[in-house]
Amino acid sequence: MTRESQHISTDFLVLGSGLAGLTFALHAAGHGQVTILTKAELFESNTSYAQGGIAAAIGESDSWKLHEEDTLTAGAGLCDPGAVRFLVQNAPDSIHWLATLGVRFDREEGATSLTDWALGREGGHSRNRIVHHADRTGWEVERAMNAAVRAHPNVKIFENAFATDLLQADGRCVGARAVLAEEREVDFLAAQTMLATGGAGRLYQHSTNPRIATGDGLALALRAGVPCSDLEFVQFHPTTLYHPQLRSFLITEAARGEGGTLRTHDGDRFMYDFDEQLELAPRDIVARAIDEEMRRRDTWCVYLDLTHLPRERIERHFPTIIEKLNSVGIQPHRHWIPIVPAQHYMCGGVITDLTAQTGMPGLLASGEVARTGVHGANRLASNSLLEAMVFAKAGAQAAVATKIERPTHFEEPQVRRCVPESDAIRLRRVLQKIMMERVGIVRRDAGMNSALMESEALLSDFAALPEAPYSQYSMEAHNLLTVAPHLIRAALARRENVGLHFNADLVQS
Ligand SMILES: Cc1cc2nc3c(=O)[nH]c(=O)nc-3n(C[C@H](O)[C@H](O)[C@H](O)COP(=O)(O)OP(=O)(O)OC[C@H]3O[C@@H](n4cnc5c(N)ncnc54)[C@H](O)[C@@H]3O)c2cc1C
C-alpha cells in the first residue's frame, strides 16, 4: 500500500452513500465542497435493498400525531419524544423532496395529481402511510439520488474508498483516513465530517443486510471514544426466505400487509396464540413467535401463505420478490413460502441530537449508524429511511450555518494492521455464529456472558495474528470484532425485557 503525503481538503466529508450520506451531501453542496467516500460502488448500500417503503402521514385520515403515537408505541417507552415529533412532522416534506429529485413513487389507480401516492400498510402502523415504488423503493431512491449527486458540480465522489480512521485535532474530528481503490492511503481533511456508514448486520450469521453492513462507522466512533448507546436493540426481520440458493432474502412486511398469513408446516395459523394484531403485530413479536413455533415443533422454518390472494395483485405489488422466488421454483400463488427470521436493523448507534451532532465536535452521524432516539427499544417499520433523510438534512442545515475553517493539521491515528484473509474469514464466521445463537432473538445471561468472553478472545486472537498486506475484508472483520463486545455488554446490562431485547432469564415465572 502506498501512502500519499498530500492530503485532500474539503468543506464537508461524507462517509457512505446510502440515503443518509447522499441527503446530507445534496443539502450541503449548495454551500461548499462536498466529498463522498464510499467503500463499494456508489449504489451499494442497505438503502438500495429497502423494499417496503417510507412512512409519512400524508393520507387523508392520517396525521403526524397518529404517526407519532405508532412510533412511540413501537419504541416501548424508550423513544426520545422530541426526536420522534421532529421525525414525523418532517416526514411529508421529505417525501416531496424525494419526488422533486425524480423518485417515482407508485400512485393510486386513476390518480389525477402527481402526488396522489398509493399508501401501503405495514406492521405497527394504524393507517396506510407507506409510500413506495413497487417492492424496490430503496433501489428507486438510490437511482435518483445517485444521479443527483453525480450531476452536482460541488460533489466529488470516491468509490471503493474505505474509511479506516477518523482524524482528530485537539478533540475535534477533522476528517478521515481512507484507503482508495489502488490501495493508496489518503487523508481527507474536512471542516465537518458526516458518518453515514449504515448498520452492522454482518455481525450475525443470518442477516438481510448486504455485504457492506460491517459496522465500520460504529467501530470508528467507538475507537475514537464517541458516545454510543442502545446497541442491544437489534431488530430481526420475521420473514426472510429459507432457501439454500437465496439465503436471507427479505420478503417485505407489505406482503403481510396485503393479507399474507403465517402458518406452521401443518397449516396452523399460529399468530392467533401470540398477538391480537396477528401477522401485523410489531416485528419483534412476530419474530419471537416464529422462533418459539420453530423450537416448539423442532422445525427449520415456518411458512408465509399468499396463495389466497389474487395472483395479479401480488405480481403487481411484489415483482422483485416474485421474480426471485420463481428463480428458485417457488410460485407464491401456489406454494407457501418457507421463511425464518434474520437480523435486519440496528436501532442503536452513535448518539446524536436533532441536528445529527455527535459527542465529538466536527463529527455528525445519520442513518442506521446513528442513535437519534426515534426508535427507542424497537423501530416502527419504514421509519428508518425517513430517519436517515430527516436528520441528515437537519445536520446539513446546521453544518452550513456554522462557519468552520477547513483544518490544516491532525494527530497521527493509531496504526491499523491487517491479518491474513483466511484468518479474518475464520474469526468473522465464529463471531457471527456466537452472535446469532447467544445474542439473537431470545437471549440468556449465561449465553451472553460466554459470548462476551469468546468475542473478546477473538479480538485478542486477531491482534496476535501475523501482519499481512492490506485487505478490506480484514479491516471489516476487525470492525465487527470491535463492535460485538460493546453490543453484548449493552445486552447484559439491560435488566428488563423491552422492545427488541428479550432475555429469557428475566421472564417472571
Ligand atoms: C433488505 C432490506 C430492506 C429494508 N427495507 C426498508 C424499508 O422498506 N423501509 C425502511 O425505512 N427501511 C428499510 N430498511 C432499512 C434501511 O434500508 C436502512 O436502515 C437505511 O437504508 C440505512 O441508510 P444509511 O444511509 O444509514 O446506510 P446505508 O444505506 O447502508 O449506506 C451506508 C453506506 O456507507 C458505506 N460505508 C460503510 N462503511 C464504510 C467505510 N468504512 N468507508 C466508506 N464507506 C463505507 C456503504 O458502502 C454505504 O454506501 C431495509 C433494509 C434492508 C437490508
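Predicted model: local features only at pLDDT ≥ 70, side-chain atom pairs only at ≥ 80, totals over all residues.
Which residue in S13 is the bridge partner of Thr 261?

1. Domain division. The protein chain falls into three parts: domain 1 (2–54 + 139–232 + 347–401), domain 2 (236–341) and domain 3 (421–506). Between the C-alpha centres of domain 1 and domain 3 there is a distance of 23 Å.

2. Contact of domain 1 with domain 3. Here 24 residues of domain 1 are in contact with 22 residues of domain 3. On the domain 1 side, strand S7 (162–169) and helix H6 (216–223) are the elements that give two or more residues. H6 gives the most to this side, with five residues. By residue class, the side of domain 1 that touches domain 3 comprises 12 nonpolar, seven polar and five charged residues.

3. Four-stranded sheet. An open sheet with antiparallel pairing runs in the order S11-S14-S13-S12. Strand S11 (234–241) and strand S12 (261–263) each have a single partner strand and stand at the edges, so one side of each has no neighbour in the sheet. On average, and with direction ignored, neighbouring strands of this sheet are turned by 45° against each other.

4. Pairing of S12 with S13. S12 pairs with strand S13 (residues 302–305) in the antiparallel sense, over three bridges. The bridge partner of Thr 261 in S13 is Asp 305, which settles the opening question.

5. Helix on the sheet. Helix H8 (residues 283–297) packs on the sheet and touches S11, S13 and strand S14 (337–346). The direction of H8 makes about 60° with that of S11.

Technical notes:
Residues numbered from 1 in each chain as written. Domains from an automatic or database assignment. Contact = placed C-beta atoms within 7 Å. Nonpolar A, V, L, I, M, F, W, Y, C, P; charged D, E, K, R; others polar. Pairing = 2+ DSSP bridges. Axes fitted to C-alpha atoms, helices over the stretch in contact; angles between N-to-C directions.
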